[in-house]
Amino acid sequence: MADGTIGLWTVPLAVFGGAIRVSTPFLFVSLGECITERSGRINLGLEGTLVMGAMSAYGISYLTGSPWLGVLAAGVTGALLGALHAGICSLPRVNDVAVGIALMLFGTGLAFYLGKPLIEPTAARLPAIDFGWWSDIAQVRAALQINALFLIGVVLAPILYWAFKTTRWGLLIRTAGESSDAAKAMGYSVLGIRLRATMVGGFLAGIGGSFLSLFYPGSWNEGLSSGQGITAVALVIFARWDPMLCLWASLAFGGAAALGPALQSVGVTSGYHLFNAAPYILTLAIMIITCSPKRTLTGAPAELSITR
Amino acid sequence: MTSEVADPVEASEIAPAADPGFLQRHGGTIEYILIPGAALVGALGVFGVFVALFGKNPLDLYFYMYQGAYGTWFSWQNTLTRAAPLILTALCTALPAQLGMVIIGGEGALLVGALSATAVALSMQWAPPLAVQLGMAAAGMIGGGLWIMLAGALRQYRGVNETISSLLLVYIALAILNHLVEGVMRDPSSLNKPSTRSIGAANMLGSIPGTDVHWGLVYGILAATASYILIYHTTFGFAARVAGGNIRAAKIVGLAVGKLILTICFLAGAAAGLAGMVEVAAVQGQTNANLAAGYGFTGILVAFLARQNPLAVIPVAILLGGISASGGLLQRRLGLPDASVQVLQGIIFVFVLASDALYGRIGFLKARS
């Protein structure tokens, strides 16, 4: 990779490019989880949804030759897993955190089971939009190979922000999250709202997974996601359930996650595994700094079991 | 999938109609056996349908699962060998659950425990085997204990959610393990699979006489029994259960909740760390990435299926150890992928949680009033 023409600038450039590339799954999962948590439920199973999304996107793209159909399939798979989560949580006395853990194990297991025959073949990948045409430097061009899904995610964040603030649907989701009694009194089914919010959340998380298998790293294997889904769930907490903050946090995370590979590309290989753990350490550090035992977090939906 | 109908035939097997009031008087206990049992049967049924979709005969599936888990003395030994770490990692979830905490980071504590135990063993090569083993056990327990205590401390002093932090700590533990195993602790002669040096054949834990099952199983049973006594028969355990039931009440009556959280989390992590020590000292003989075999994650399922009861963890671990032991046979005879065990575990977990809705709702077990 390093041809020496731009020397150590390779590292910040690779981190910048990585931030854009690696952040996309974080962005989709966190936006999806943001919707689900705003409705008063937490879905820890998005780690499983992410892996299932990656697997089904790869499979459908391989079978049909169309990566965008794969993206759609990943979204639908995610929505189905979301419906399963919401369905079980609708039963009395069932704990949503525990159901999330169960679906995390179930989703990854199912993806590995169904995805066994997909490790060998190569599926059609999502195309990249070349924003680096103006530059002669290979690294700049590589860093600016941006995928359409990233742009969709970037646009989605302000739309969600606006939707939560001003639309009827946004208000309903927030009402269900702040006080289920109020939503009931208005004549709405809280379980129904949460079902839809969890399904939309699963849909977005599935799409995040499709990015993993169809763009970056761009293949299907069992080590594809290690904890990116759960990191994104944690990210929602310190993004204070605000879609715009989810966007900035995802970019910061992408940058942190790109640090290891970027350093490796200039020949710094010691501590490779530790740099790979940077997103997890960063998440933990930010949670330690921003949480407080004395008060509930500002912006936390009151019905959310995890903050009570 | 959403509702699980209890099987009346099974009920009569468990509780023969000794007297008319028997079912009502022991309704609670019967429920704790009947409902998870029914959830298990339901999950096996769904898994049977699942493999049938792939053109396999479900009856073959059940037969080979039984064969691989409990069919022969050989498979029993395999099952018990796998049950040993599961008992210990399940305690890592079951003990904090008494305080109402959901810790899912047993895998991380297992890895840290394994790493600490290996480090001690490698630096104590001059000592007699018994001393090495004791040192390893102590190091594994302290390492794993501190690891989960960190999650507990973050919850107590910073309000960080322990479920998420303990899971993040798993990935951090794995990174530390890979870093050390490929760095300073690497045995230069391990080329393809980076590993530490071997702890030495003399220092390995042996087998229970007459079997091929290692002593880790005894460690597990002792730890589970001790946990049960601690939780249900000591003042400390009573205080923990009070705090788990109502944290405000516990604070009002003056219980030191912080101390309870830290102690319980340390013990929980120590159990998982001991599992790591056992895997090194009785199975692997060294530390490498093989240790991240998922025992920590299956342990979460064991704890939930046992309804967080430390004593019930033992039979449930043997049950799930059996399922994972039968994986190899399913792969060879039915051509199922190795992930099928994980799928089945996931289905069981989902069914067990959904069955929580059934408690107190089974007609013939309700007290007549």
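This note sets out numbered points on chain B of a predicted model.

1. Secondary structure. Chain B contains 16 helices and zero strands.

2. Overall dimensions. The C-alpha trace of chain B extends over about 70 × 60 × 35 Å along its principal axes. The radius of gyration of chain B is 22 Å; a compact globule of 369 residues would have a value near 21 Å, so the two agree.

3. Burial and contacts. In chain B, 54% of the 369 residues count as buried. Among contacts in chain B with a separation of 6 or more, 76% are between residues 24 or more positions apart.

4. Domain assignment. Two domains are given for chain B: domain 1 consists of the segments 1–56 and 336–369, while domain 2 covers 86–333. The centres of domain 1 and domain 2 of chain B, taken over C-alpha atoms, are 29 Å apart.

5. Contact between the domains. Domain 1 of chain B contributes eleven residues to this contact, and domain 2 of chain B contributes ten residues. On the domain 1 side, helix 3 (27–53) and helix 16 (340–354) of chain B each supply at least two residues. Helix 16 of chain B provides the largest share of that side, with seven residues.

6. Which classes of residue make up the side of domain 1 of chain B that touches domain 2 of chain B? By class, this side has eight nonpolar residues, two polar residues and one charged residue.

Conventions:
Residues are numbered from 1 along each chain as its sequence is written. Chains are lettered from A and ligands numbered from 1 in the order in which they are written. This is a predicted model: local features need pLDDT of at least 70, side-chain atom pairs count only at pLDDT 80 or more; totals for chains, interfaces and linings use all residues. Helices (H or I, at least four residues) and strands (E, at least two) are DSSP runs, numbered from the N terminus. The radius of gyration is taken over C-alpha atoms; the globule rule is 2.2 Å times the number of residues to the power 0.38. A residue is buried if 20 or more other C-beta atoms lie within 10 Å of its own, exposed if 12 or fewer, and partly exposed in between; C-beta atoms are placed from the backbone. Two residues are in contact if their C-beta atoms, placed from the backbone, lie within 7 Å. Domain bounds come from an automatic or database domain assignment. Ala, Val, Leu, Ile, Met, Phe, Trp, Tyr, Cys and Pro count as nonpolar, Asp, Glu, Lys and Arg as charged, and the others, Gly among them, as polar.
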